[in-house]
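Q: Let's zoom in on a single part of this one. Pick a spot, walk me through it closely, and then show me how the rest of the chain is laid out around it.

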Amino acid sequence: KINNKIMAKRYKNPWKTLSSKYVYKNPWTKVREDRVINPLGQKTIYGVIEKEPAVFIIALNKNNELYLVGQYRYTLNEFTWEIPAGACDDQSPLVAAKRELWEETGLKAKKWTKLAKYKAANGIANITYHVFLATELSQSGTNKQKEDGIGDGMFVPLKKVMKLIDQGKITDGPSVTALLYYFLRKKLIKF
């Protein structure tokens, strides 16, 4: 049986931090450079990306269709399809999820279910993602999607989502991971 708390007690942290300093900061991201002694006893540096927690929302309508947002991602220099998501902005994950769903899609949900909490990039960052299922949707008709850079949005039949991932049409890693949690919870993927 895998139990992270027991493992943390059994295995002491083999890293020793000698000093830390921020080498880059903006309103969304900080990069910290730590001088450390690694598990081999060598002095080295370790870069850590710090970001606040974020939420990812699986928004399903009564026809069992998933809402995807499309936006041009500056970092990739390409248009991508993703599930609605965003930073918590010092709010609780559920409050942030409700805000992000409305901001990116104009949708509001009557029913919210927490599906998962996971770490995004353990080797380089401290990022925690919270995944929610939003159902019983209604369209408010107002939102700020242009401000967030969202260029398009659409409902896609849930049964086609795995095919879109396999075809490389949904490539956002956190979106794919959130969808995997949903499919596992609903037993839509069998082992």
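A: Starting with the overview, the protein chain has four helices and ten strands, where helices (H or I, at least four residues) and strands (E, at least two) are DSSP runs numbered from the N terminus. This is a predicted model, so local features need pLDDT of at least 70 and side-chain atom pairs count only at pLDDT 80 or more, while totals for chains, interfaces and linings use all residues. Residues are numbered from 1 along each chain as its sequence is written, and side-chain values use heavy atoms, with hydrogens and water left out.

Along the sequence, the pattern reads α-β-β-β-β-β-β-β-α-β-β-β-α-α. The C-alpha atoms fill a box of roughly 55 × 40 × 35 Å along the principal axes. Of the 191 residues, 35% are buried (under 20% relative accessible area with a 1.4 Å probe, protein chains only; exposed is over 50%, partly exposed in between). Among contacts (heavy atoms within 4.5 Å) with a separation of 6 or more, 56% link residues 24 or more positions apart.

The spot I'd pick is T135, which sits in strand β9 (residues 128-139). With a relative accessible area of 19%, T135 counts as buried. Leaving aside residues up to four places away in sequence, T135 touches L60, A109, K110 and K111.

Now for the strands that β9 pairs with. Two strands pair if DSSP finds at least two bridges between them. Sheet strands pair through backbone hydrogen bonds, in either a parallel or an antiparallel sense. Strand β8 (residues 107-119) runs antiparallel to β9, and eleven bridges join them. A109, one of the residues that T135 touches, stands opposite L137 in β9. Strand β4 (residues 54-59) pairs with β9 in the parallel sense over six bridges, with V55 bridged to H130.

Elsewhere, β1, β2 and β3 make an open, antiparallel sheet of three strands in that order. The edges are β1 (16-25) and β3 (43-50), each with a single partner strand, so one side of each has no neighbour in the sheet. Ignoring direction, neighbouring strands here are turned by 25° against each other on average. Strand β2 (residues 30-37) is joined to β3 by eight bridges, running antiparallel, and E33 has G47 in β3 as its bridge partner.

Then there's a hairpin: β5 and β6 have four residues between them, and N77 in the turn has a positive phi of about 60°. Strand β5 (residues 65-73) pairs with strand β6 (residues 78-82) in the antiparallel sense over five bridges, and V69 is partnered with E82 in β6.

Finally, the helices. The axes of α3 (residues 158-166) and α4 (residues 173-185) come within 12 Å and cross at roughly 135°; axes are lines fitted to C-alpha atoms, for helices over the stretch in contact, and angles run from 0 to 180 degrees between N-to-C directions. That makes α3 oblique to α4, since under 35 degrees counts as roughly parallel, over 145 as roughly antiparallel, 65 to 115 as roughly perpendicular and the rest as oblique. L158, V161, M162 and I165 in α3 meet V176, L179, Y182 and F183 in α4. The residues of that contact divide into eight nonpolar, no polar and no charged (Ala, Val, Leu, Ile, Met, Phe, Trp, Tyr, Cys and Pro count as nonpolar, Asp, Glu, Lys and Arg as charged, and the others, Gly among them, as polar).
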